[in-house]
Amino acid sequence: SRWVKWWADPVPETFWLFDPAVAPWAAAVFGALVGSFLNVVILRLPPRLEHAWRRDAREMLELPAEGEPPIGLVVEPSRCPKCGHRLRWWENIPVLSWLVLRGRCSACRTPISWQYPLVELLTALAFLVCILRFGPGPEGLMAMVFSGMLIAAAGIDARTQFLPDILTLPLLWLGLLAATQGLYVPAETAILGAVAGYLSLWLVFQGFLLLTGKEGMGYGDFKLLAALGAWLGWQQLLLVVVLASVSGALIMGIAMAMLGRDREIPFAFGPFLAVGGWVAFIGGDRLIDWYLRLFATG
């Protein structure tokens with residue numbers, strides 16, 4: 001039967017994952033589902049980490065334990081943060097539920113943050129582009145993992161100005177692991193990229209601290225750029241920093257002009273590093289070639 005043939009064929013042509021025409025759109029749907037989970041990670045992971053740090057500190061200081069930890073990432077169902085309404089299955093459909101509910105809780109009509117559909121759409125688009133760029137094989141699948149972890153890290157940093165090691169360090173190790181298989185860059189290039197990524201921002205941090213007496217960025221930024229260096233190689237790091245700096249300057253300039261944001265208020269640099277790193281990962285070579293041709297023509 002055809003089902004026996006399906007199982008016997010290691011790469012069946014009729015299987016959607018390996019069909020070039022269907023795989024990108026299937027990846028987009030899967031990305032929307034993953035984006036729904038990434039929203040959970042962005043909102044729930046920081047409080048759980050903070051609780052764990054306080055617990056460890058209290059144990060070291062021999063103080064009484066605190067209460068129960070915050071809600072978990074997987075087991076506990078989603079609820080409205082205002083009224084506690086438990087979301088039904090049809091209220092958890094990525095993007096569509098937000099549109100059907102018109103961006104409000106069905107129970108108390110409290111507005112639902114734009115973050116939810118935005119992260120879901122962003123993840124769907126990122127997964128779609130990954131499969132279009134790398135195909136439905138190991139390169140495309142690892143690129144989806146890379147994109148999802150970047151979105152989670154960027155979302156947490158945007159909300160809390162904190163890049164957790166639990167995301168940046170595995171991203172670094174996965175980049176080095178991918179390099180051992182030659183998926184994107186050779187292993188030597190990835191190792192040099194990780195070292196150069198960390199040291200470059202660390203040196204900027206130390207120089208700024210020496211000149212001003214202030215810390216210009218956090219150590220999470222060093223680790224994130226090290227992870228990007230492992231995935232992209234040391235040659236792309238300058239492009240990543242340029243893209244991150246330009247996008248950061250534009251967005252923060254608009255924020256200060258339109259919202260009256262005080263320039264003395266610190267802002268998270270991680271999301272801009274994530275944007276620069278993802279753009280360079282998808283099309284860095286093309287951007288560099290375009291710039292060189294433009295420069296040569298000029």
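This is a predicted model: local features need pLDDT of at least 70, side-chain atom pairs count only at pLDDT 80 or more; totals for chains, interfaces and linings use all residues.
The surroundings of L171 can be described in detail: when residues up to four places away in sequence are not counted, L171 touches F146, M149, L150, L224, A227 and W231.

Two further positions were examined in the helices. G140 is placed in helix α5, which spans residues 138-160, and it counts as buried because its relative accessibility is 0%, where buried means under 20%. Leaving aside neighbours within four places in sequence, G140 is in contact with C130, I131, F134 and G135. A separation of 9.6 Å was computed between the C-alpha atoms of G140 and L183, which are 43 residues apart along the chain. T123, in turn, has its place in helix α4, and this residue is likewise buried, with a relative accessible area of 0%. Once residues up to four places away in sequence are left out of the count, T123 touches G31, V34, G35, L38 and I151.

Attention then turns to charged side chains. Side chains of opposite charge can pair when their charged atoms come close. A search of the whole structure finds 3 salt bridges. One of them joins E50 to R54, with the closest N and O atoms 3.1 Å apart; both residues lie in helix α2, where they are 4 residues apart, or about one turn of the helix. E50 is partly exposed, with a relative accessible area of 42%, and R54 also counts as partly exposed, at 34% relative accessibility. Another salt bridge is formed by R55 with D56, for which the closest N and O atoms are 3.3 Å apart. R55 counts as partly exposed at 40% relative accessibility, while D56 is partly exposed with a relative accessible area of 37%. In a further salt bridge, the side chains of K223 and D165 meet at 2.8 Å, N to O. This pair links distant parts of the chain, since K223 belongs to helix α8 and D165 to helix α6, 58 residues apart. At 35% relative accessibility, D165 counts as partly exposed.

How values were computed: Residues are numbered from 1 along each chain as its sequence is written. Side-chain values use heavy atoms; hydrogens and water are left out. Helices (H or I, at least four residues) and strands (E, at least two) are DSSP runs, numbered from the N terminus. Buried means under 20% relative accessible area, exposed over 50%, partly exposed in between (1.4 Å probe, protein chains only). Contact means heavy atoms within 4.5 Å. A salt bridge is a side-chain nitrogen of Lys or Arg within 4 Å of a carboxyl oxygen of Asp or Glu.
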